[in-house]
Amino acid sequence: MARLSVFTSGNGSNFQAIAERILKTKHTIPCMICDRKKAYSFERAKNLAINSYYVPYFKRTKESAEEEIIKIIEKEKIDIIALAGYMRILSPDFVEKYKNRIVNIHPALLPKYPGTHAIEKSYASGDMELGVTIHYVDSGMDTGPIIKQESFTRNPCEPIEEIEKKIHNLEYATYPEVIEKLLDSYK
C-alpha cells in the first residue's frame, strides 16, 4: 500500500479524478496540498474526506514554503507526489529530494508547448495530433522523462472549447490510471 499526496492550485478537477480512482484501491491519499487559500480544491478534498493543507507562497521565499511542504510530506509519510494543476515550479533541491517520486500532467504532447497556455498554443499551432503527457518532474520546465502520452486527431473545424474538453477528458482518464500503476509498483 502506497501513500499519495496531490498538489493543486485551483479548481481541482484532476485531483478529484485521481482521488475517485485511488480511493477504490489499496492505496491511500493522506493529503492534498494547495497554495491558494480560496481554491475549490479544498471543497473537493472535504467532500472526499481527504485531509488538506494550505501552504502559501505569498510574502515568503520558495524555500520557506517548500520546507513547510517537506514537513507535511514527512508527517504524512508520502511515497508519491502528483502535481495536478499545481502552478508552482519546484526548486531543484525539492525535486532532487523526491527524485522519481513526483509526477505531473501536461495538456500537450511534450516536448512541444511546455509551460503555461499549452492548450492554446497547441490549438493555434494547427497540429493535427493533440493530447496530454504524464511525466516525472525534473528541475526543468516540463522536461522530465515521459511516462505516457495519449492523443487524438483534431477536426480542423473544432473550436478551442471542444479541444479543451477533449484534453480534460484525456487527463481525467489517463492520469489516475498512470498514478495507480506507479503506486502499485512503489517499493
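In which helix does Glu180 lie? Glu180 is part of helix 6, residues 160-185. The model is predicted: local features need pLDDT of at least 70, side-chain atom pairs count only at pLDDT 80 or more, and totals for chains, interfaces and linings use all residues. Residues are numbered from 1 along each chain as its sequence is written, and side-chain values use heavy atoms, with hydrogens and water left out.

View 1. Helices (H or I, at least four residues) and strands (E, at least two) are DSSP runs, numbered from the N terminus. Glu180 has a relative accessible area of 17%, so it is buried (under 20%; exposed is over 50%, partly exposed in between; 1.4 Å probe, protein chains only). Leaving aside neighbours within four places in sequence, Glu180 is in contact (heavy atoms within 4.5 Å) with Arg21, Ile22, Thr25 and His27.

**View 2. The buried residues of helix 1.** Helix 1 spans residues 13-22; its buried residues are Asn14, Phe15, Ala17, Ile18, Ala19 and Ile22. They pack against strand 1 (3-8), strand 2 (28-34), helix 2 (41-47), strand 5 (102-106) and helix 6.

**View 3. The largest pocket.** A pocket is an open set of points on a 1 Å grid over the protein atoms alone, where a 1.4 Å probe fits, with protein on both sides within 12 Å along at least five of seven lines; lining residues have an atom within 4 Å of a point. The space in the largest pocket is about 910 Å³, a volume filled by probe spheres set on the points, which are joined across faces, edges and corners. The lining has 38 residues; Gly85, Tyr86, Met87, Ile105 and Pro107 lie nearest the centre. Helix 6 gives the largest share, four residues.

**View 4. The Phe7 and Tyr86 rings.** Phe7 is buried at 0% relative accessible area, and Tyr86 is buried at 8%.
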